[in-house]
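Q: Could you walk me through reading salt bridges in a model like this one?

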Amino acid sequence: MRLRALVHPWGLVLASLALAACGGATTPPVEVPEASPRVARGTVTLPPEVEAGVVVSWLEPELLADPARGFEAVIAAGAHALVLPADSTGTVPFELPVAGGPEVHLVAWLAPPARGVFAMYARPGAVSPPVDLREETRVELTLEAPEEPPPAEERCVGERVELFELPAPRGTAGGDETARLCAYLPADYEEDPARRYPVIYSLPGMGGSHAGGVAELLRTLLDLGNPPGDAIVVGVDTSTPTGASYLVDSPITGPWADYVTRDVIAAVDGRLRTLPERDHRAVVGHSTGGFNAVSIALRRPEVWGTIAASSPDALDFASWLLDASGRRAQPVWQGWIHTEDALGWPGQLISYAVEWSPDAAAPRGFRWPIDLRTGEVIDEVWARWLAESPVTWLDDDEGLARARRFDDHLYLTCGRPDEPLLFVPTERFHEALDRVGITHTWEPTELRHQGSVPDRFESMLRYVMARIGES
């Protein structure tokens, strides 16, 4: 039976996540459960004269049938992926263990250098019709040549915006020489030169930048008077060649620990009419930006007055990465780490590793906290990751004292169906705050990780503005 791949119309909202990277390596898929004896066999044909890595995986039909589940599909595919070498050319054979079925779709992505795992955040380059794995079947997938991305354009342009360029703490990994900020100004900023404003600093999600995204949305909501009051909103670029900074110092990504709290704030306060006290300064974010908002504020409470985090990366890392035993990674994240390791950076988990567990003696300059084959915890490295998990800081007298400065000034929200499984670790952090008596707001929702933007951020903005206003 011969099946020619189809280009599937399924698209994802994260298709723009293309960052600098290093190459990949040959890897088999992670071991699958015993109840999965089926193996899909076939070939992947790359476009002529193209040398790149290839990601091959499988998906259940229902994940492809519902575009709203696109992010969930990416995570599922990454958990079972087979990664072919970064120097693949021509037609390459594959054998892929499949735990689902009996009918599944085989999917493939072209993963050229400079994209890493984020090649998977665009629609699959090839999708087979449903394959019945109870039959002897060979699947032929054909990938088309990738389109050239359009030239990057500066998005911080237009009325009532100020573009800042600061030296970028990019360390030895290279990258741009500057990091940008985009300040979105109130409508009456030029009308009353004596008036000063509170400031909301918005940290981007993985692959985000200084312009657009949450920062632009907050400015729009403020312009609509919802909520009342006004503030300067500053979008901050925290991207790195490895994915995103988690705002610590790293020999790979550079000295990020003081960048936002020192360099960014000094630049904004020095150039714009701000209320420069902590009580009038908030830090907010969604996803990676939400984690960074909590992390940076709890480390530097003398700088920030209010925190708001939407669907943050795991604030309780153990409840997210590990299974119930506490000694093994959850299979989905073991598979995803395996895929990132094979493709090289940029990547989500790679971004943690290059900052939380760098090691010059390791092959790529960092270590993973688990054994990639078995998923078993590597205690020495895992301890370093746990030290960056905000929930653990509440068990330390000094960390708890810092957190208490945000009593009634900390807002958390996350959706129960969050595809990266961030609801439980956010809820665990909320429960930990309750145990130590820190007043905060926790708003669970039924929203997915992406989409429903006004619903997600309107309540958050009301909370922030009630606490950093001009009075």
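Q: What should I know about the model before I start?

A: This is a predicted model, where local features need pLDDT of at least 70 and side-chain atom pairs count only at pLDDT 80 or more, while totals for chains, interfaces and linings use all residues. Residues are numbered from 1 along each chain as its sequence is written, and side-chain values use heavy atoms, with hydrogens and water left out.

Q: How many salt bridges does a search of the whole structure find?

A: A salt bridge here is a side-chain nitrogen of Lys or Arg within 4 Å of a carboxyl oxygen of Asp or Glu. By that rule, the search turns up 26.

Q: Which residue pairs with D269, and what does the pair tie together?

A: The partner is R281, with the closest N and O atoms 3.2 Å apart. D269 sits in helix α4 (residues 259-271) and R281 in strand β17 (residues 281-286), so the bridge ties together parts 12 residues apart in sequence. Helices (H or I, at least four residues) and strands (E, at least two) are DSSP runs, numbered from the N terminus.

Q: Is R281 buried or exposed?

A: Buried means under 20% relative accessible area, exposed over 50%, partly exposed in between (1.4 Å probe, protein chains only). R281 is buried at 7%, whereas D269 is partly exposed at 23%.

Q: What about E419 and R448?

A: Their side chains meet in a salt bridge at 3.7 Å, N to O. E419 is buried at 9%, and R448 is partly exposed at 30%.

Q: Which residues are linked in a network of salt bridges?

A: D258, R262, D263, R300 and E302 are.
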